[in-house]
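Please open the structure in a viewer and keep the selection tool at hand.

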2 protein chains.
Amino acid sequence: MDFQAVLKEVVENTDGGLATLLMDFEGIELGSYSKPDAPFDITTIGIEFSVVLKSIQRAAQMLDAGETAEVAIQAEKVTTLIRIVSDTYFLAFSMTPDANIGKARYLLRTRVPVLRKELT
Amino acid sequence: MDFQAVLKEVVENTDGGLATLLMDFEGIELGSYSKPDAPFDITTIGIEFSVVLKSIQRAAQMLDAGETAEVAIQAEKVTTLIRIVSDTYFLAFSMTPDANIGKARYLLRTRVPVLRKELT
């Protein structure tokens, strides 16, 4: 299964799923999948999140908190889950606020190892 | 109830609670509470998180995602929940990875309005 198929699978198998993005920490996109009616440009958001993740990793190091596994950002209109795939890549998944976030968490947790294998 | 009492209450009423911090987005601490055995300096972490939150708010604006309500960061050794209190302040709550995060979410959601009232 190539990574583009994984990106689509995660969105299409989550009620309320909007878009996924695989990106490196420099903000360069490797792949993405958006539902046709997604109300935003996931790549633009991903570039901003790459900055967020760097800050979070720095904070986690100061905390001696180990590798950061997951970041969840719940805003009024969109919930975004981010999981770190490797030293180089992260996966972001945006969904509606009423999406099944438990299912989304499960999908990311199980699919990230697949992506990691594809990418190394 | 003053805000220092709220900061203590949240930590002491969550199994696995470690520390709370009330800080403005410039990184200036208003108050904090740490359990005596908390393994890190919550203020130092908070300063780093103030940078994270600015990036998240910027990303949320680009998403037209409305006001960011909550950020959860799950690292290997520490989970941190952040809730925005007002245009000026945020509340960060760090706990062990096995803490009751549902209870923590509930406490922050119900106590943040109390803090907001104290601060305005």
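**The nonpolar cores**

In this predicted model, begin with the largest nonpolar core, which holds 38 residues; A:V71, A:I82, A:F90, B:V71, B:I82 and B:F90 are the members that touch the most others. Select A:I82 next. Beyond its neighbours within four places in sequence, A:I82 is in contact with A:F49, A:L53, A:A69, A:E70, A:V71, A:I73, A:F90, A:L91 and A:A92. Then turn to a second, separate core of 36 residues, with A:L81, A:M95, B:V6 and B:V11 among them.

**Helix α1 of chain B**

Select residues 3-12 of chain B, which form helix α1. Its buried residues are B:V6, B:L7, B:E9, B:V10 and B:V11. These buried residues pack against β1 (17-24), β2 (29-34), β5 and α3 (101-119) of chain B.

**The β1–β2 hairpin of chain B**

Now display β1(B) and β2(B), which pair in the antiparallel sense over five bridges. B:L22 has B:G31 in β2(B) as its bridge partner. Four residues lie between the strands of this hairpin, where B:G27 takes a positive phi near 90°.

**A stop in strand β5**

Finally, select B:S94, located in strand β5 (residues 89-95) of chain B. Is B:S94 buried or exposed? B:S94 counts as buried because its relative accessibility is 0%. Not counting residues up to four places away in sequence, B:S94 touches B:G17, B:L18, B:A19, B:F40, B:I42, B:V78, B:T79 and B:T80.

Key. Residues numbered from 1 in each chain as written. Chains lettered and ligands numbered in written order. Predicted model: local features only at pLDDT ≥ 70, side-chain atom pairs only at ≥ 80, totals over all residues. Heavy atoms only, no water. Helix = DSSP H or I, 4+ residues; strand = E, 2+ residues; numbered from the N terminus. Buried < 20%, exposed > 50% of the residue type's maximum accessible area, 1.4 Å probe, protein only. Contact = heavy atoms within 4.5 Å. Core = buried A, V, L, I, M, F, W, Y, C linked by side-chain atoms within 4.5 Å. Pairing = 2+ DSSP bridges.
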